[in-house]
Amino acid sequence: AAVHAAKLAADGVQAAIDERAEVDKLATALTNLGFEKSTAAVEEWISAQAQATTFTDSSLRPSMALLAGATKDITEAQGLLSLAMDISVGTGKDLDSVSQALAKAYAGNTGALKRLVPGITDAQLASDDLFASTGALSERFTGQAAAAADTQAGKIGEVKDAFGELQESFGEGFLTGLGDAEDKTGDLATSLYDLQEPMEDVGQT
């Protein structure tokens, strides 16, 4: 129990630190684009997507920042990210690669998107409106991410992600507790160091 508690604390704190860094990075990207007031709503949307699909919030944030930068529009970025998730599941390609391809296609460079999705034609991509030009993609892949979440593997992944979020919550609470009692962190560190010898005994046993 002590070993698992120590692992939960260490992994949870690291996960919370990583989560804070990811949230801050996305918030900074959105602020730089002039969407500071949308940050909270975007985080809520990402959390909802993570719960409804097999994608983690950690994988969604970088893609959201990328697509928001490409479109300069939150709603369009969310639409493209939803499409990216479906294409990722449908093709087996990682979400980052698909998001990169969609961002380039939005800027007029459709080469990467054509390589990711064999069979899509120049005529289907020949439009100033990326959503119109990717109608064929939508028809082919819409619903893939949600469908994958309903499979047995998807359900197991959902439970795994939920445990990960629970671990992050523990770490977040731990960090908050340290922040609320900074004068006690030295005592805590000393206590943890004092536990090294007993833990070695546990390991030997």
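Mentor: In this predicted model, the largest nonpolar core has 31 residues, and the ones that touch the most other members are Leu60, Met64 and Leu81. Six helices each supply at least two residues of this core: α1 (2–32), α2 (39–52), α3 (57–71), α4, α5 (95–106) and α6 (111–116). The largest share, 8 residues, comes from α4. In soluble globular proteins, nonpolar side chains tend to be buried together.

Met64 shows how the pieces meet. Leaving aside neighbours within four places in sequence, Met64 is in contact with Leu26, Val42, Trp45, Ile46, Ile74, Ala77, Gln78 and Leu81.

Now α4 itself. The helix covers residues 74–91, 18 residues in total, and spans 25 Å from its first C-alpha to its last. That is close to the 26 Å expected at 1.5 Å a residue. An α-helix has 3.6 residues a turn, so residues three or four places apart point the same way.

At the start, a side-chain oxygen of Asp73 comes to within 3.0 Å of the backbone nitrogen of Thr75. After the helix comes Gly92, with a positive phi near 80°.

A loop between two of the contributing helices is also worth a look. Thr53 sits in the loop between α2 and α3, and Thr53 is buried, at 9% relative accessible area. The side chain of Thr53 reaches the backbone oxygen of Gln49 at 2.7 Å. A polar atom of that Thr53 side chain also lies 3.2 Å from the backbone nitrogen of Phe55.

As for the setting, the protein chain has 13 helices and 0 strands. Of its 205 residues, 31% count as buried. Among contacts in the protein chain with a separation of 6 or more, 59% are between residues 24 or more positions apart. The protein chain exposes about 11,800 Å², and carbon and sulfur atoms supply 55% of that area.

Key. Residues are numbered from 1 along each chain as its sequence is written. This is a predicted model: local features need pLDDT of at least 70, side-chain atom pairs count only at pLDDT 80 or more; totals for chains, interfaces and linings use all residues. Side-chain values use heavy atoms; hydrogens and water are left out. Helices (H or I, at least four residues) and strands (E, at least two) are DSSP runs, numbered from the N terminus. The expected span of a helix is 1.5 Å times one less than its number of residues. A polar contact is a pair of N or O atoms within 3.5 Å; within protein, one must be able to donate a hydrogen and the other to accept it, and residues adjacent in sequence count only if both atoms are side-chain atoms. Buried means under 20% relative accessible area, exposed over 50%, partly exposed in between (1.4 Å probe, protein chains only). Contact means heavy atoms within 4.5 Å. Accessible areas come from the Shrake-Rupley method with a 1.4 Å probe; for residues, only the protein chains shown count as cover. A nonpolar core is a set of buried Ala, Val, Leu, Ile, Met, Phe, Trp, Tyr and Cys residues joined through side-chain atoms within 4.5 Å.
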